[in-house]
Amino acid sequence: MDMIITISSGFFLLIGSFLCFSGAIGLLRFPDFYTRMHAVGVTDTLGAGMILVGLMIISTDFLVFAKLAMVLLLTLLIGPTTSHVLAKAAFHNGLTPKSLSNQEKNNKEISSSNT
Amino acid sequence: MLMDLFNHWVVITLMMSGLYIVIAHGNLIKKIVGLSVFQTSVFIFYISMAKVDGGTAPILADDIVQYSNPLPHVLILTAIVVGIATTALGLSLVVRIKEAYGSIEEESIQQQDNQQQDNNAHAKRKQEEEA
Amino acid sequence: MIDIILLTLLVVVAIAIIRMKDLFAVVMLLGIYGLLSASFFVAMDAVDVAFTEAAVGAGISTLLMLVVIAMTGRKEKTNRHKPLPALCIVLITGGLLIYGTFDMPHFGAADAPIHQHVAPRYINDSMAEVGVPNIVTSVLASYRAFDTFGEVVVIFTAGIGVLTLLSVARRKEDAEKISSINDSMHEQHLVIRIVAKMLIPFIFLFALYVQFHGDFGPGGGFQAGVIFAAAIILYAMLFGLNTARKVINQTFIQLIAAVGVLLYGSVGIVSLMNDGNFFNYNVLASDPIAGQHLGILLIEWGVGCTVASVMMIIFFSFAGRLELHQHNERVKNQESS
């Protein structure tokens with residue numbers, strides 16, 4: 001039983017750390033604001049959530065378990081909301097996704113070459 | 001051995017960057033940010049002095065022998081809240097300066113002040129001549 | 001190890017703050033700086049301090065700076081004169097200070113002078129003398145209550161100062177017109193409004209928990225006050241200033257700020273009248289420990305009231321000014337067009 005608990009919690013912790021790490025790399029490597037924000041959103045919600053689940057599995061005390069569960073609920077509620085608000089603010093201020101602006105550019109080029 | 005004083009050196013670096021911002025930058029908001037950096041460096045200094053090797057947070061529990069020093073914690077805890085209150089006071093002064101001068105750059109405020117003084121002196125001289 | 005990494009990051013952020021010209025980015029970096037120092041405080045066992053710094057340094061101070069930047073503009077003018085003299089002064093001072101550190105006790109040394117003076121008494125005797133597990137609370141509210149009283153008065157005074165500098169006197173119809181325009185801007189943020197509606201009651205609950213659990217764990221009046229104010233500020237930001245003003249009466253919070261200081265001071269007066277020293281809670285009840293508990297409860301309550309209402313006063317003053325600025329600009333634009 002102990003073995004299963006340790007292994008499963010280690011598994012979740014590993015996934016969580018991997019997601020946080022990949023999120024950090026994504027923040028550095030992705031081309032524009034929206035893709036970068038996607039990376040950060042994954043770190044915020046899934047990375048932190050997985051680490052919390054891993055910690056919940058090995059917690060022996062019920063109080064610790066309950067506190068971690070509350071923190072998990074809070075992250076699940078707040079993480080997506082902040083991503084949404086950030087993206088909305090960026091879009092309202094006229095920041096277009098890179099692929100979209102590329103497309104527009106291409107369309108313009110096509111239309112200008114046609115005329 | 002070398003790392004024993006690392007905390008103090010970092011504190012001094014932060015403190016000096018705060019001081020540099022306050023001296024070298026003309027923007028009043030930037031100056032207040034510099035003061036905040038300076039202030040936080042002092043907090044870090046106090047808190048790292050309070051740390052004892054192998055100690056834990058100063059909340060009494062049964063099976064703990066070594067606690068960190070609680071006194072600096074108390075001093076800094078209150079200082080943080082006082083710090084934000086005084087920073088807010090400084091910011092409100094900045095807002096009033098902006099309303100009065102139309103700028104928060106030190107140089108242009110100085111310029112306007114000098115101009116005002118010159119104008120006043122001129123007016124006074126004229127009055128005296130007329131009298 | 002982790003503290004060395006955090007300190008290095010702090011230095012990096014400080015250098016970035018020096019080099020940035022965009023004030024918006026500077027303020028965001030200051031928020032990061034606050035959060036990093038809060039993490040450092042956790043690593044240094046100062047849980048109460050970390051709590052306060054996370055709420056104040058990363059939360060409220062960033063917010064206030066942003067409001068001010070919205071009024072004053074976000075670009076810093078490049079200064080023409082050379083910063084060489086400033087650099088000289090800073091380098092000389094820093095060099096002298098570093099020379100001074102060589103006589104300092106080493107980091108974490110248990111025999112440093114700071115750990116020899118009054119700290120052993122606080123650690124060994126506070127359970128018998130005050131009966132509160134959290135030593136920080138017992139020192140803050142009992143041993144050094146007079147000191148804390150001074151701090152609360154400073155906060156109160158700063159609140160009054162902000163109120164005098166920024167309070168806007170205006171006619172009622174005007175106020176309603178301004179606010180109705182601003183309120184309509186808030187209608188569109190539906191998702192965040194609903195999430196905030198779900199969260200705000202829990203933030204209040206958490207603030208009360210921090211207030212009354214401060215004897216046993218990290219927490220107390222200062223932290224609780226800031227968290228309480230943060231909930232109200234969140235509400236004001238999402239539902240418009242006018243709605244928030246209807247919920248929280250401005251005269252009422254000014255009254256509460258004064259009542260908090262008064263409550264704190266009167267605990268001292270009552271202990272004086274019961275033949276004790278100023279802020280000696282032993283005389284408040286027949287049992288000294290019960291007296292201490294009662295005194296600490298009342299004082300933390302006073303601190304919480306003052307801090308929460310002063311933070312709210314500060315926010316509402318700044319936001320009211322911003323509203324007025326936006327209104328004036330709008331009027332100017334209409335006249336010119």
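**Entry 1: a helix pair across chains**

I started with a crossing: H3(A) passes H9(C) left-handed. This is a predicted model, so I keep that in mind for everything below. I looked up the residues that make the contact: A:Leu77, A:Thr81, A:His84 and A:Val85 come from H3(A), while C:Val191, C:Ile192, C:Val195 and C:Leu199 come from H9(C). Sorted by class, I get six nonpolar, two polar and no charged residues here.

Next I checked the geometry.

**Entry 2: chain A by itself**

I went through chain A and found four helices and zero strands. Read from the N terminus, the order is α-α-α-α. Chain A has 115 residues, and 13% of them count as buried. I also looked at contacts in chain A between residues at least 6 apart in sequence: 65% of these join residues at least 24 apart.

**Entry 3: who touches whom**

Which pair of chains has the most contacts? I find two pairs of chains that touch, and B with C has the most contacts. Chains A and B share no contact; their closest C-alpha atoms are 16 Å apart.

For the B–C contact I note 69 residues from chain B and 82 residues from chain C. On the chain C side, helix H3 (residues 47–72) gives the most, with 15 residues. By class, that side of chain C has 57 nonpolar, 17 polar and eight charged residues.

**Entry 4: H2 of chain C**

I then turned to helix H2 of chain C, residues 23–43. H2(C) has 21 residues and reaches 30 Å from first C-alpha to last, close to the 30 Å expected at 1.5 Å a residue.

Which residues of H2(C) are buried? I list C:Leu23, C:Val26, C:Val27, C:Leu30, C:Tyr33, C:Gly34, C:Leu36, C:Ser37, C:Ala38, C:Phe40 and C:Phe41. What do these buried residues pack against? In chain C, they pack against H1 (2–19) and H3; in chain B, against helix H2 (28–50).

Last item: just after H2(C), I see C:Asp45 with a positive phi of about 70°.

Key: Residues numbered from 1 in each chain as written. Chains lettered and ligands numbered in written order. Predicted model: local features only at pLDDT ≥ 70, side-chain atom pairs only at ≥ 80, totals over all residues. Contact = placed C-beta atoms within 7 Å. Helix = DSSP H or I, 4+ residues; strand = E, 2+ residues; numbered from the N terminus. Nonpolar A, V, L, I, M, F, W, Y, C, P; charged D, E, K, R; others polar. Buried ≥ 20, exposed ≤ 12 C-beta atoms within 10 Å, placed from the backbone. Left-handed = near helix turned anticlockwise from the far one by under 90°. Expected span 1.5 Å × (residues − 1).
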